[in-house]
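Please open the model in your viewer and keep the selection tool handy. We will go from ring to ring, then finish with a look at confidence.

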Amino acid sequence: MELPTSDPAAIMEWVKASAGKGSTGYAHATCGIYPQKRIVRRHTLDLKKIKEPAYFNEVYTQQFRIEADKYTVRALNHENGSDFDMAKASQKEVLFAGLPSDDIITAQDKLLEQGIYPERLELGTVASLGGMVNYLKFKQTKTPLLLLEIGEEVTQSFILSADGVDISRPIPSGVSAMIPVVQKELGLKDEESAKKLFYSNTFDFTSMGGSLVKKLLKELQSSIGFYEVQTGQSIGNVLCTQLPASLGWLGNTMAGALGVTPLKMDMLPWLESLNIKLAEGVAPNPPDERWAGLFALIASYNPTDGVQPVLLEKK
């Protein structure tokens with residue numbers, strides 16, 4: 001079931017009718033969240049300083065420009081997402097993942113208000129990265145993938161390969177930067193009118209797509225150019241997540257502007273490889289790429305760990 005976050009009443013109504021409630025009456029769930037100030041960054045460590053107690057805080061403050069004491073951050077191995085072991089630190093590349101500590105409390109409180117008990121709370125971005133790296137391995141894809149999480153104010157950009165997360169970069173430009181362009185191009189009276197039209201799915205913005213993504217494209221091209229020079233590899237596909245269905249065309253626009261093709265996932269065989277089965281009628285066939293983050297949240301990547309197949313029943 002897909003419900004807009006702007007309609008909490010509908011979410012609560014659906015949760016009330018759903019299965020999987022514990023003795024407290026809450027629906028128990030694994031939850032993926034995408035807080036605006038999340039940090040998911042690959043970083044090169046200074047192995048000479050890694051044993052210094054204040055070193056990681058120094059990285060957070062100086063490199064990521066965050067207040068270390070207000071964030072909850074974990075260091076992960078960039079190839080597979082496992083915990084980075086500082087005691088055995090032999091490699092200098094690490095993926096930091098974190099969010100403001102207050103955002104964890106806020107997210108949990110909001111879920112509880114909606115009748116959802118989060119048995120596990122994850123950064124959806126990390127789950128998506130793990131899922132797409134696994135997908136590239138499954139497809140034995142040799143070319144890198146550009147993954148974009150286009151938000152209101154910030155776009156999280158990643159270049160992935162079957163070997164893990166190669167590059168990460170937050171770009172201070174998102175959907176809100178496109179609204180003034182819509183207003184100007186269409187001669188609308190104010191930005192609020194432009195925003196409503198932009199999200200309404202009643203107007204074809206394809207023709208002005210190039211103008212809308214111009215700022216974001218410029219930033220992306222510098223990242224991609226740097227990567228291609230460093231590795232000698234060219235980006236193969238683009239996948240845009242976190243966009244509502246009404247803005248699905250943005251992914252095609254970004255891909256066209258970059259001169260690559262949007263990723264069309266061979267979804268059902270991949271899900272089968274992860275022991276995930278879809279009940280008939282659960283999703284379009286094949287499922288929409290926008291669902292990739294959800295499936296990544298469900299997936300277990302250790303086929304020998306005794307996890308039972310997950311069956312998503314249609315309610």
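Start by selecting W291, which is buried at a relative accessible area of 14%; buried means under 20%, exposed over 50% and partly exposed in between, with a 1.4 Å probe and protein chains only. This is a predicted model, where local features need pLDDT of at least 70 and side-chain atom pairs count only at pLDDT 80 or more, while totals for chains, interfaces and linings use all residues. Residues are numbered from 1 along each chain as its sequence is written, and side-chain values use heavy atoms, leaving out hydrogens and water.

Next, move to Y55 and F56. Y55 is buried at 5% relative accessibility, and F56 is buried too, at 13%. How are the rings of W291 and F295 placed? Their centres are 6.1 Å apart and their planes at 40°, so this pair is tilted. Rings of Phe, Tyr and Trp (its six-membered ring) pair if their centres lie within 6.5 Å; planes under 30 degrees apart are stacked, over 60 edge-to-face, and the rest tilted.

By this rule the model has 13 aromatic pairs. One of them joins Y55 and F56, tilted at 55° between the planes and 6.0 Å centre to centre.

Finally, colour by pLDDT, the predictor's confidence in each residue from 0 to 100. The protein chain averages 88, and 94% of the residues score at least 70. Select residues 303-315, where pLDDT stays under 50. Where pLDDT is low, the predicted coordinates should not be read in detail.

Methods. Contact means heavy atoms within 4.5 Å.
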